[in-house]
Amino acid sequence: MSEIRPYICTGDARSAIDWYVDAMGAHVTYEPIVMDDGRIGHVELCFHGATVMMSDPYPDLHVEAPMEGRGVAVTLYLTTDDVDVMTDRAVERGAVLDRGPEDSDHGRTAVFRDPFGHRWAILTKVEDVSPEEADRRVKE
C-alpha cells in the first residue's frame with residue numbers, strides 16, 4: 001500500500017513546531033535534525049494520527065516557504081474530532097480564517113491559513129448517512 005506524506009517548509013521551523021503543537025495539538029514524533037548552520041533540516045509532527053514532515057528553507061535545494069501575499073498551491077486536509085475547537089484555537093493563535101466552521105454534506109469543515117502560510121482544510125466527519133439525510137441536515 002502506498003502512502004503520501006506532506007513535507008512542508010516554513011520560514012522558521014522552530015516557531016512552527018511550537019505553533020503546531022500549541023494551536024493544533026500536534027506532537028513531535030521525530031526530533032528536529034539541526035544542521036551545522038542552525039537550520040532545521042528535518043522534523044516530523046503527528047496531527048491526530050497524520051504525519052507531516054517539515055524543514056526550514058533550503059533555497060539551494062529549491063525548498064522554500066510559502067510567499068506572503070500569494071495563494072497556496074497545496075491545502076493540507078486534516079480530519080479531527082472537533083473542528084470548532086481546533087479552528088478557534090488556531091485563530092486565537094494567529095491563523096487567518098478563510099471559511100467556517102460550517103456544516104456540509106460530508107461533515108463539519110473549516111479552512112484557515114496558519115501563520116507560516118500553509119492552508120488547512122479541517123473536517124470532522126459525520127456518521128454515515130444517506131445523501132438525502134445529509135442534505136436535510138445541511139438545510140436545517
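Where is His-62 found? His-62 is in the loop between β4 and β5, and the tour returns to this residue at the end.

This is a predicted model, in which local features need pLDDT of at least 70 and side-chain atom pairs count only at pLDDT 80 or more, while totals for chains, interfaces and linings use all residues. Residues are numbered from 1 along each chain as its sequence is written, and side-chain values use heavy atoms, with hydrogens and water left out.

**The whole chain**

Start with a cartoon view of the protein. There are three helices and eight strands, in the order β-α-β-β-β-β-α-β-β-β-α along the sequence. Helices here are DSSP runs of H or I with at least four residues, strands are runs of E with at least two, and both are numbered from the N terminus. Taken along the principal axes, the C-alpha atoms fill a box of roughly 60 × 35 × 25 Å. Of the 140 residues, 36% are buried; buried means under 20% relative accessible area, exposed means over 50%, and partly exposed is in between (1.4 Å probe, protein chains only). Contact means heavy atoms within 4.5 Å. Among contacts between residues at least 6 apart in sequence, 50% join residues at least 24 apart.

Select residues 13-24, helix α1, and residues 83-92, helix α2. Two packed helices are described by the angle between their axes and the distance between the axes. The axes of α1 and α2 come within 8 Å and cross at roughly 135°. That makes α1 oblique to α2. The axes are lines fitted to C-alpha atoms, for helices over the stretch in contact, with angles from 0 to 180 degrees between N-to-C directions. Angles under 35 degrees count as roughly parallel, over 145 as roughly antiparallel, 65 to 115 as roughly perpendicular, and the rest as oblique.

Now show side chains. Trp-19, Asp-22, Ala-23 and Met-24 in α1 meet Met-86, Arg-89 and Ala-90 in α2. By class, this contact has five nonpolar, no polar and two charged residues. Ala, Val, Leu, Ile, Met, Phe, Trp, Tyr, Cys and Pro count as nonpolar, Asp, Glu, Lys and Arg as charged, and the others, Gly among them, as polar.

**Along α2**

Stay on α2 and select its buried residues, Val-83, Met-86, Thr-87 and Ala-90. Seen down the axis of α2, these buried residues fall within an arc of 95°, so they line one face of the helix; the arc is that of the directions from the helix axis to the C-beta atoms. Their packing partners are α1, β5 (75-79), β6 (96-104), β7 (107-113) and β8 (119-124).

At the start of α2, a side-chain oxygen of Asp-82 reaches to within 3.1 Å of the backbone nitrogen of Asp-84. Just after α2, Gly-94 takes a positive phi of about 115°. Gly-94 lies in the loop between α2 and β6 and is partly exposed, with a relative accessible area of 43%. Not counting residues up to four places away in sequence, Gly-94 touches Trp-19 and Pro-115.

Go back to the loop between β5 and α2 and select Thr-80. At 11% relative accessibility, Thr-80 counts as buried. Leaving aside neighbours within four places in sequence, Thr-80 is in contact with His-48, Met-86, Ile-122, Leu-123 and Thr-124.

**Strands β6 and β7**

Select Pro-101 in strand β6. The peptide bond from Gly-100 to Pro-101 is cis, with omega near -5°. Next select Thr-109 in strand β7, buried at 9% relative accessibility. Beyond four places in sequence, the contacts of Thr-109 include Val-83, Gly-100 and Pro-101.

His-118 is in the loop between β7 and β8 and counts as buried at 12% relative accessibility. The backbone oxygen of Cys-9 lies 2.8 Å from a polar atom of the side chain of His-118.

Most residues other than glycine have a negative phi, and most peptide bonds are trans. Select His-48, in the loop between β3 (40-47) and β4 (50-55); the phi of His-48 is near 55°, a positive value. At 45% relative accessibility, His-48 counts as partly exposed.

End at His-62, which has a positive phi of about 65° although it is not a glycine. His-62 is exposed, with a relative accessible area of 73%.

Terms used:
A polar contact is a pair of N or O atoms within 3.5 Å; within protein, one must be able to donate a hydrogen and the other to accept it, and residues adjacent in sequence count only if both atoms are side-chain atoms.
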